[in-house]
Amino acid sequence: MKQLSFLITGLLFCFSSFAQHTWTIDNAHSNIRFEAGWEGFSVRTGEFKVFEGTIETDSKYELADATFHLMVDPKSVEVIAEHLSEQVRGEQFLDAEQFPEITFNATGAKMLTDSTFVAQGELYIHGVKKQQEAHIWYKGHKQGGRAEMLALEVSLTLNRTDFGLDWGSPRLGETVKIVGYLLYQMRNTEE
């Protein structure tokens, strides 16, 4: 009987160590913003209001083995004035009707320090896919009432002309910085 107990305990340990953990973005407590230079001395900023994403890990808090998925709706972009938002969504720039998703997918993140990582992934914007580096800052995790929470800050810096986004040049800078303050949740299963 004792051997059976050890066998069951060993099997449970093996299965739990290979369990997949899925973290989902909590949109109400997250945001994705961008900024681009204007006229060489000012900055234009904006925000995407609709996005979703997951992180899948083999071990709960380990980002080195993680798979990252992020999808942003370009129709949800907002900038300082509504007419500018329409321009950014429109055919001259993001062409959100023809290209309704911006995505970033990466597998694994290389640890630089205890709280910083870099991930190489595929960024898709305006019908163009490019390899892109994302910098990740681990902000912490905690147990909530109904879910565990994981907070990350993610930033990407890209040349928009690499994605065919040349509207507004040269007044609008080519370099765009995208920053996400992302709170992920994993629901407790013992409810």
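Where is the place of proline 170? Hi everyone, let's start there. Proline 170 sits in the loop between strand S11 (147–159) and strand S12 (172–187). Helices (H or I, at least four residues) and strands (E, at least two) are DSSP runs, numbered from the N terminus.

A quick word on what we're looking at. This is a predicted model, where local features need pLDDT of at least 70, side-chain atom pairs count only at pLDDT 80 or more, and totals for chains, interfaces and linings use all residues. Residues are numbered from 1 along each chain as its sequence is written, and side-chain values use heavy atoms, with hydrogens and water left out.

Back to our proline: the peptide bond from serine 169 to proline 170 is cis, with omega near 0°. As background, most peptide bonds are trans, and most residues other than glycine have a negative phi.

Aspartate 95 lies between H2 and strand S7 (102–107), and has a positive phi of about 50° without being a glycine. Aspartate 95 is also buried, at a relative accessible area of 12%; buried means under 20% relative accessible area (1.4 Å probe, protein chains only). Then there's histidine 126, in the loop between strand S9 (116–125) and strand S10 (128–143). Its phi is positive too, about 55°, and histidine 126 counts as buried at 18% relative accessibility.

Last stop, helix H2 (residues 82–89). Its buried residues are Ser85, Val88 and Arg89. Looking down the axis of H2, they fall within an arc of 95° (taken from the directions from the helix axis to the C-beta atoms), so they line one face of the helix. And what do they pack against? Strand S6 (77–79), with contact meaning heavy atoms within 4.5 Å.

Terms used
Buried means under 20% relative accessible area, exposed over 50%, partly exposed in between (1.4 Å probe, protein chains only).
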